[in-house]
Amino acid sequence: MEFKMERLGLLEVGDVLPVTEGKLPGSYYYTLGKAYAMSANYSLSERLKSDKGKVVEIEETPKGYFVTVEFEE
C-alpha cells in the first residue's frame with residue numbers, strides 16, 4: 001500500500017509502524033505511525049486487516065514523497 005508523506009526524515013526503510021484506520025461515508029483511509037503519512041481512500045473490499053506494516057520503500061517524485069508499506073495479509 002502506498003502512503004503520501006510531506007517531508008523526509010520521519011521514518012526509514014525497515015521500520016515497522018502502526019496503521020490507524022479512518023472511516024468516510026463510502027470508504028476508508030489509513031494513517032501511518034504518528035501521522036507520518038496518509039493513504040488514498042479505499043473501498044470496503046480493499047479494507048486492511050492488519051494494524052501494522054513494514055516500510056519497504058521511500059520514493060521522491062515531482063508530486064512529493066511516497067512510502068510503500070508491506071502488510072501480512
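1. Among the contacts in the protein chain (heavy atoms within 4.5 Å) that link residues at least 6 apart in sequence, 53% join residues at least 24 apart.

2. The model is a predicted one, in which local features need pLDDT of at least 70 and side-chain atom pairs count only at pLDDT 80 or more, while totals for chains, interfaces and linings use all residues. Residues are numbered from 1 along each chain as its sequence is written, and side-chain values use heavy atoms, with hydrogens and water left out.

3. The protein chain has six strands and zero helices, the two being DSSP runs numbered from the N terminus (helices H or I, at least four residues; strands E, at least two). With a radius of gyration of 12 Å, close to the 11 Å that the globule rule gives for 73 residues, the chain is as compact as a globular protein of that length; the radius is taken over C-alpha atoms, and the rule is 2.2 Å times the number of residues to the power 0.38.

4. Buried residues, meaning those under 20% relative accessible area with a 1.4 Å probe and protein chains only, make up 34% of the 73 residues in the protein chain.

5. Serine 39, which is found in strand E4 (residues 37-39), is buried, with a relative accessible area of 12%. A polar atom of the side chain of serine 39 lies 2.8 Å from the backbone nitrogen of tyrosine 30. Leaving aside neighbours within four places in sequence, serine 39 is in contact with Met1, Glu2, Phe3, Tyr29 and Tyr30.

Note on methods:
Buried < 20%, exposed > 50% of the residue type's maximum accessible area, 1.4 Å probe, protein only. Polar contact = N/O pair within 3.5 Å; in protein donor to acceptor, adjacent residues only side chain to side chain.
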